[in-house]
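Q: I am new to this structure and would like to learn how to read its strands and its chain contacts. Could you take me through them one at a time?

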Amino acid sequence: MDSAMNAKNKKSVALADQRINVYGFLAGIYRQELVPDLLSQIRTPPFRGVLSDLGANLGDEFFARKDEDMIEDLAVEYTRLFMGPGKHIPPYESIHHERRTDGDWGKFWGASTVEVKKFIETAGLQYKDDFAALPDHISVEFEFMQKVIERERDAWAEGDRDKALYCLKMEKMFIDDHLIKWVPRFCSEVVSNAELSFYREIAKITGNFIEFEKENIDAYISDA
Amino acid sequence: MSTITRRNFMKFAAASGAVLAAGKGFESEALAGTVATQTGRDFSPATGKERKAIPSACWQCVSRDSMIGFVEDGRLVKLEGHPKSIRGQGHICARGQGGLTSVYDPDRILYPMRRTGPRGSGKWKRISWDEAISELTGRIKKLRDAGHPEKFLFHYGRMKASSGKLIGGLVKATGTGSIGNHTGVCESAKWTAQEMTWGGHFDNWDIDHTKYMLIMGSNILETHTNHMSVAHRIMHAKIDRGVPMKTFDVRMSNTAAKSDEWIPIKQGTDMAVVLAMTKVVLDKGLYKGDGEEFLKFCKCTPKHDDTVANKIAALKKHYANYTPAWAEKISGVPASTIEKIAVEFATTKPAVLIAYRGAVTNYNGCDSERARQVLSSLTGNVDAPGTNCKAVGAGWKSAKVPKAKTKKVKDIFDGAPKGEPESYPFPTHHASHQVLSRIKAKGPGTFDLAVWYCYTPYFANGNWAENEAVLKDESLLPFVISCDTSYGDSTHFADMILPDATYLERFDWEDMVDPTQTGEYYIRQALVKPLGEARDFGDVMIEVVNRLGMKTNYKTKEEYVQQSVDMTPGVKEAGGWAYMAKEGVWNAGKTHYFSYKEVILDPKKQVCKVGGSVYEDLKDPEAICSYFGDDVLFDNLAGVWWHWKASKAHSEDEAKQKGYYGTKYAYKGYVATKMGDIAYKGFGPDKVNKSGYMELWSQILVDAGYNALPEWMPAPNQKNMGSDDMHLTTYKVCVQTHSRTQNNKWLTEIYPNNHAWINPKDAGKRGISDGDKIKVKSPIAEMTSYAHVTENAQPGHIHIAHHMGHIQYGRYASGNKAPEGRSDPDDKNIHWKWHGSHPNQVIPNWGDRLSGFQRWNDTVVTVKKA
């Protein structure tokens with residue numbers, strides 16, 4: 001019984017690690033403009049292979065262009081897409097999360113922002129003092145998921161199924177109430193507006209990943 | 001739909017992991033701290049204020065469902081069902097959710113008060129708790145010192161679980177046994193019948209495993225003793241599993257409306273239909289199989305060890321004249337329908353027969369429930385998965401409560417003395433509706449002190465005019481204390497008021513029946529501190545008995561509850577109070593079916609649950625009495641081994657001569673019943689002398705001069721009804737309880753008054769249109785109401801919900817503010833001017849012929865336009 005339980009827990013730890021990695025990676029991608037070290041890791045052949053498997057066509061130029069030029073292009077694109085000035089696609093939930101019941105969406109610091117902040121603080125986390133963006137930035141939401149799943153992973157490792165389930169349910173609630181309500185919509189806007197292949201393809205992967213999460217989270221819970 | 005496959009996800013995760021592991025470009029994260037997995041801070045999305053979520057239990061009605069209370073800045077803001085409760089599974093009803101407004105009722109009593117004007121004048125003066133407790137203690141002490149502690153009358157309405165154990169125990173510790181309850185106005189006929197048949201009371205319907213649901217006289221989707229935990233299961237059974245649901249009801253209740261079939265039935269005639277259904281089962285041989293097997297455990301003839309064939313023959317003989325055609329004449333239900341439902345019920349197994357108050361509030365109440373026990377037994381639908389089961393609840397241990405020898409005033413609680421009208425042979429749950437008229441009959445000097453605890457004798461019983469006269473009469477009730485949360489109708493006639501804590505401000509362990517046959521242990525915690533100077537009456541009584549010189553190991557009810565929880569097996573190991581305070585619920589996970597098959601002695605299988613090892617066969621049952629104990633006798637008529645010393649018999653000879661059935665309290669010494677070559681615990685007794693058989697044939701009824709098997713007897717007051725006479729029946733709605741919720745502004749805003757339902761045919765004959773003012777006249781009084789003309793009422797019947805029409809109980813219930821009533825911002829939202837009219841005022845306090853249960857639905861009235 002114990003060994004069976006352990007094998008099951010190990011499987012759960014492995015799955016949690018995989019999800020932590022993806023959320024962590026995506027949080028880093030959206031948090032700020034790409035830095036050279038990150039770009040060079042993304043441009044390694046193994047990562048290129050994975051992106052290709054995921055159906056992402058970054059084009060030869062992405063891999064061929066000189067580092068500093070590529071960094072510059074991507075920084076410009078990041079700013080243009082996510083920060084403005086001018087027409088841009090703010091990466092905040094309260095802009096994209098259509099709240100049909102109260103109509104409170106399409107603006108900064110909307111009802112969704114408040115809910116996300118409360119959700120995160122209720123879970124026991126605090127926004128760092130030097131964090132300057134709004135609380136419902138896409139990278140914060142991904143980072144939050146990363147941290148909850150880390151806690152879930154630790155619970156599995158400790159053999160504490162109740163705690164792990166608690167975390168899984170928190171993850172489900174956050175996916176259902178927040179991520180799925182806006183990330184795919186946001187990503188498709190990015191796909192339509194991106195000029196460089198990198199953000200276009202990453203946005204496709206991001207939207208697909210959140211849908212993948214939505215489709216699988218119930219099974220993660222029922223299998224737990 | 002995502003285009004990512006699991007395989008690609010894993011590859012992507014691995015590659016992402018490699019990037020993360022390198023740690024470059026990921027320095028500035030936004031969040032700090034650790035994810036809390038248990039008791040994190042909670043914030044209200046609406047107000048942004050910090051919230052506390054506290055597990056507790058409801059008390060709006062006797063279902064007492066587990067719930068979570070949310071408190072913001074010390075104010076209770078929301079109540080929800082407890083998701084971990086196996087009973088409620090996260091559900092509480094509208095009444096439960098609305099409960100929080102009772103804490104903040106502007107007509108709530110916040111301080112102890114003493115009457116200054118004449119009784120009932122509404123003039124009061126605030127006093128201190130010390131004065132109030134000194135008064136109560138002084139009066140009890142005076143009676144105790146004079147050798148008449150029984151002249152202290154304590155009468156409660158709702159007092160369950162730890163409140164019952166502690167408060168009831170402490171009241172008894174003062175020496176009085178003069179304690180009244182209220183089951184006689186709820187459903188006691190049903191309980192008495194169950195005590196006569198399968199011993200113990202309360203049935204649970206195993207909805208989760210049933211394949212057929214037959215409902216009689218129960219609006220179970222809106223209201224019930226175990227409402228939400230059963231109701232939501234019924235809907236799952238119906239919708240998820242397609243379980244048929246057939247409902248007999250005098251009116252189109254919401255339960256009837258949601259059923260696959262509503263079968264209208266004349267008031268009080270459910271029993272006739274059940275008798276006829278049973279005959280169908282007997283005639284068609286539908287008892288074969290499960291029924292026959294179960295009949296081995298049933299007593300159907302005078303002989304306890306009769307053969308199944310003889311049992312069937314005896315039943316066939318008794319039921320010979322109860323034909324569907326006969327039942328059709330009485331009930332109005334077509335014989336073909338009776339036959340169809342009987343066949344469905346008997347052949348779709350397992351099946352439940354859900355019957356409640358509506359089926360027993362009549363002259364035949366107790367016997368109608370016995371008739372249902374026969375039908376369930378004959379079809380094998382008893383105590384097995386998916387059938388009518390003996391109820392299972394939590395088995396809490398109780399911290400020690402001081403004890404004293406008690407004395408009780410006779411001929412008060414059980415109806416009139418033998419030989420007089422309204423005397424009953426088996427009032428096993430008393431006849432509380434008779435108490436005021438019994439006090440009147442006994443005259444001045446019967447009681448010196450009366451305390452009402454969560455009880456409103458004025459409102460909860462019939463014949464209001466008599467109630468008011470007795471309550472006002474200071475010679476009959478010299479000093480009355482009412483322990484109440486708000487200014488109730490009976491409190492209005494008290495001499496002193498003790499402001500009680502609401503259920504949201506106090507602690508209890510709770511034990512209501514679990515529909516999964518498991519038994520759920522759960523608690524109630526104070527969500528907020530009692531408002532003003534309100535105090536839990538448990539705390540008050542602890543102080544009273546300590547002032548009387550007795551000692552308790554706890555100073556408050558909270559401590560009593562914690563000590564009890566910490567000593568209860570199972571809960572204790574799970575973490576005791578610390579665990580329960582955090583989680584609110586606990587259950588052992590073991591289900592209980594076939595309770596009657598517990599073997600005490602089986603020589604063949606070498607099972608022996610008595611001292612030593614008794615493996616002799618049971619051919620000479622008297623020979624093995626000594627194995628059970630020195631004072632154990634074997635009764636040949638009952639087939640029962642019993643300790644005669646536990647009974648009221650003075651000697652062994654007297655016990656032998658009177659026998660098990662004839663000796664008072666013989667059931668208290670019950671050991672086991674012989675069935676064939678095995679001694680079973682069986683359906684052991686708990687209130688009357690019965691054997692371990694399912695006693696469909698009752699010796700004690702024979703001894704009392706009644707038929708041993710269920711017998712239809714027309715109600716005397718309905719034998720000669722005129723063409724203008726109508727049946728008055730009462731019912732409940734989903735947002736009110738009988739007496740206690742009308743001060744709740746949310747609930748009463750939804751249901752502020754109770755129009756009388758009348759069929760268009762009856763209305764037309766009387767020239768009554770929808771909304772007209774009408775007069776309803778009974779043999780004892782006349783009331784006014786307003787008509788709701790609807791096809792949902794059955795011709796010949798007038799249906800009036802028994803909730804509204806308070807004379808006091810605050811502005812929402814009656815329009816009258818309490819003496820210290822405060823203003824409330826929602827006063828402007830009171831959209832109703834008529835506060836309803838309660839049918840109790842015209843209903844006599846008559847009892848069922850066997851149990852004495854109040855015949856709420858038996859009153860014959862005339863109705864006319866006012």
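A: Let us begin with one pair of strands: strand E21 (residues 520-524) of chain B pairs with E22(B) in the antiparallel sense, over 3 bridges. Strands here are DSSP runs of E of at least two residues, and helices are runs of H or I of at least four residues, both numbered from the N terminus, while two strands pair if DSSP finds at least two bridges between them. Within this pair, B:Glu520 has B:Asn587 of E22(B) as its bridge partner. This is a predicted model, in which local features need pLDDT of at least 70 and side-chain atom pairs count only at pLDDT 80 or more, whereas totals for chains, interfaces and linings use all residues. Residues are numbered from 1 along each chain as its sequence is written, and chains are lettered from A and ligands numbered from 1 in the order in which they are written.

Q: Which strands stand at the edges of the sheet?

A: Strands of a sheet pair through backbone hydrogen bonds, either parallel or antiparallel. In this case the open sheet has 3 strands in the order E20-E21-E22 (chain B), with antiparallel pairing. Strand E20 (508-510) and strand E22 (585-587) of chain B are at the edges, and each has a single partner strand, so one side of each is left without a neighbour in the sheet.

Q: How many residues of chain B are in contact with chain A?

A: Contact means that C-beta atoms, placed from the backbone, lie within 7 Å. By that rule, 34 residues of chain B are in contact with 47 residues of chain A. The largest share of the side of chain B that touches chain A, 12 residues, comes from H1(B).

Definitions and conventions:
Contact = placed C-beta atoms within 7 Å.
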